[in-house]
Amino acid sequence: MTTLAMGGIDFKQGYQSAGQFDYLLDAVKWGADYFLKCHTGETELYVQVGDPSVDHNLWDAPERWKDPRPAHKITAEKPGSDIAGETSSLFSAASILFRGVNDTYSEVLLEHAKSLYEFAKTYRGKYSDSVTEATPYYVSNDFADELVWAASWLYRATGDSSYRVDADNFCDEYGLQETNGFSWDAKISGADVNLYQMTREERYAERLISFCDEFVDDTPRTPKGLVFIFHWGSLRAVSNVIFICLQAARLGINEQKYRDFAVDQIDLMLGGWGRSFVCGFGDDAPIRPHHRSSSCPNPPDACGWAFFNSDAPNTHILYGALVGGPNLQDEYEDVRNDAERNEVAVDYNAAFQGAIAALEQFSGVGYLHLDYQVVLLLGVAHGIIKLFASGY
């Protein structure tokens with residue numbers, strides 16, 4: 001959700017051009033409202049509902065699940081600096097996004113951002129160590145990058161240089177450098193965008209260049225030309241990198257090179273590969289994404305594992321959803337039971353949508369592609385973030 005808000009802040013013109021900015025605000029507010037309710041005390045944040053092992057044994061629309069849905073929280077005794085820092089980042093980013101739109105709401109978000117940041121900084125630890133029910137599905141590798149991410153967002157939201165000092169100190173304390181991607185578990189390059197925007201210090205630009213050039217110049221590509229970073233959700237991984245590199249371009253860093261890279265990769269995803277990888281868009285779009293509620297029939301008809309294993313298209317079109325994508329050999333099959341290549345998720349689409357908005361925004365300098373507006377319309381107006389959250 002932080003990345004979705006970041007795209008709305010930095011590529012607002014692209015969303016407005018496609019007529020989707022108000023829908024974006026609605027999507028971000030929906031997520032932020034949920035997390036505001038989860039923040040129930042200065043050192044208390046609810047971070048997980050349900051047991052992943054139980055949930056993964058069900059194939060049905062979530063509103064029909066009858067198994068217990070336990071709620072899990074982090075506290076001073078059971079800390080989670082990573083998830084508290086990430087939620088603080090969402091609140092900071094959303095406070096910027098809503099500034100001038102709903103100032104009262106913006107201030108509420110900022111106060112929660114500060115509170116959660118102090119919680120994350122004071123009581124340090126990984127949430128997956130405290131909430132063991134999160135394993136083995138979402139094990140956090142570290143919490144230090146989320147501390148930097150949260151500090152960079154508060155610096156951007158408030159202009160208070162003490163947060164910038166914190167961000168730099170965390171990098172020094174934990175020996176953090178740019179990583180091999182930008183994801184739910186890796187945030188340094190996103191923080192570098194914020195810090196360079198606020199300071200224009202060359203060291204942040206140099207880290208962004210090092211990050212982007214690794215993927216543009218030195219990362220393996222499939223035979224059809226897709227940059228291949230990670231096997232599970234390959235398009236998710238490259239979309240996230242594209243988003244960071246378009247942020248660098250926006251800030252005047254290797255503009256032509258990084259925009260050309262983004263256009264090349266995004267166009268492959270939208271059809272240049274030989275098919276579209278976005279549900280409901282383009283030629284031979286995926287029709288069997290690994291997504292429970294869109295595969296299931298409407299009540300009172302039952303769902304279940306028969307639908308999971310069926311060759312039939314999903315009952316409902318999950319408009320705008322980016323699926324996992326091909327492997328390194330360009331092998332891809334539109335089958336529901338292959339989660340590695342057909343899963344959909346919030347973190348698959350947040351940066352992807354931001355990248356699309358960026359290219360639409362850059363259309364005035366030679367990057368006009370009418371499909372970008374269509375993809376934004378599908379992904380935002382159809383409430384794709386809400387669909388993912390309600391139906392994984």
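**Charged and aromatic side-chain contacts**

The charged end of Lys224 sits over the ring of Trp273, 3.8 Å from its centre; this contact requires NZ of Lys or CZ of Arg within 6 Å of the ring centre and within 35 degrees of the ring normal. The model is predicted, local features need pLDDT of at least 70, side-chain atom pairs count only at pLDDT 80 or more, and totals for chains, interfaces and linings use all residues. Residues are numbered from 1 along each chain as its sequence is written, and side-chain values use heavy atoms, with hydrogens and water left out.

Arg259 lies over the face of Phe362, 3.6 Å from the ring centre. Phe362 also belongs to a cluster that ring pairs form with Phe11 and Phe243; rings of Phe, Tyr and Trp (its six-membered ring) pair if their centres lie within 6.5 Å, planes under 30 degrees apart counting as stacked, over 60 as edge-to-face and the rest as tilted.

The whole structure holds 16 aromatic pairs. In one of them, the ring centres of Trp149 and Phe182 are 5.8 Å apart and the planes stand at 70 degrees, so the pair is edge-to-face.

Salt bridges, which place a side-chain nitrogen of Lys or Arg within 4 Å of a carboxyl oxygen of Asp or Glu, number 25. Lys187 and Glu146 form one at 3.9 Å, N to O. Lys187 counts as buried at 4% relative accessibility, and Glu146 at 2%; buried means under 20% relative accessible area, exposed over 50%, partly exposed in between (1.4 Å probe, protein chains only). Glu201 and Arg203 meet at 2.7 Å, N to O. Salt bridges with shared partners join Glu201 and Arg203 with Arg164 and Asp168 into one network.
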